[in-house]
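Please read them with the structure open.

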Amino acid sequence: MKRLKHAKKQYDDIEIPSELQSVVEKSIQEARRKQKKNAPFKQWGIGVAAASSLFIASVNVSPALAQSLSTVPVLDSIVQVVTIQEINVEEEYYNANLKTPNVTGLENKELEQMLNEKYITENEALYESFQQEMKEMKEAGGGHVGVASTYEIVTDTDNILSISRYNVNTVGSSSTTMRTDTIDKKNEILITLPSLFKDDSYIEAISTYLKDEMAKQMANDSDKTYWIDDKEEIGFEFEAIRPDQTFSITKDHKLTISFDKYEVAPGYMGVVTFEIPTEVIKSHLISDYYIK
């Protein structure tokens, strides 16, 4: 208990920069304004959204706060991910298999609830879309519709938990999307890609490296194809990552960047992931706390 109180005092003593205070106050006011406009049954959801926006903003807006987290003493906790729900539909031409993850063990219940609500909402939307497409197919005389979602713990160390969720939709051809949440288990915060860097200059640094790496891989392996320098031929080419591009942190503290199927390469390449050498982004990082 003494350890807990000591840790809490040190956390509370962190000086919150003025710009962060402004964001927090603005978020609270915005959440209250929306609560007045929406029906009562939606208020809990708004509370979760407001809490999560405050939570993410606290790291994204303030490099000073993100830096200071590395000095906060940490508490041991057991954070686990389990399957809370699995939906199976097995018909001749219609198939669904949806697994919903559930995070447990975080002291920060707002973060835990925000993540778990998001996972439930994602799979509810997938199932509703599947049902609608199945109904339309049957009314049209038949066809094949499939949807699958699963998850994978890609990193689980004393400090980092990365959960990747994969969604596969099959209607004619198939598409695959991957989204990853990376959690600082000890400081109990959700890490976003921008929160790792001083400013948005990381986008150009990572994108430049990726284009060079894609070119090297294609030169060394004829089976690999990435859409670079293909604008005239196919009307699209990879230019830059999104600010919130899917990412993860490996057990060796390396940053990885991932792309959905068809995002930067033909479908046969599937979801593609690149490990970014730390020297490429070192000067852009806020600190070496997460990425080394």
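1. The model is predicted, so local features need pLDDT of at least 70 and side-chain atom pairs count only at pLDDT 80 or more, while totals for chains, interfaces and linings use all residues. Residues are numbered from 1 along each chain as its sequence is written, and side-chain values use heavy atoms, with hydrogens and water left out.

2. The structure holds 7 aromatic pairs, where rings of Phe, Tyr and Trp (its six-membered ring) pair if their centres lie within 6.5 Å, and planes under 30 degrees apart count as stacked, over 60 as edge-to-face and the rest as tilted. Trp227 and Phe236 make an edge-to-face pair, with 6.0 Å from centre to centre and 90 degrees between the planes. Trp227 is buried at 17% relative accessibility, whereas Phe236, at 37%, is partly exposed (buried means under 20% relative accessible area, exposed over 50%, partly exposed in between, with a 1.4 Å probe and protein chains only).

3. Tyr289 and Tyr290 also form an edge-to-face pair, at 4.7 Å centre to centre and 65 degrees between the planes. Tyr289 is partly exposed at 22% relative accessibility, and Tyr290 is buried at 12%.

4. Tyr226, Phe238, Phe259 and Phe274 are linked by ring pairs into a cluster.

5. Ser248 lies in strand S7, residues 247-249 (strands are DSSP runs of E, at least two residues, numbered from the N terminus), and is buried with a relative accessible area of 7%. The side chains of Ser248 and Ser162 are joined by a polar contact of 3.0 Å, that is, a pair of N or O atoms within 3.5 Å, of which one must be able to donate a hydrogen and the other to accept it.

How values were computed
Helices (H or I, at least four residues) and strands (E, at least two) are DSSP runs, numbered from the N terminus.
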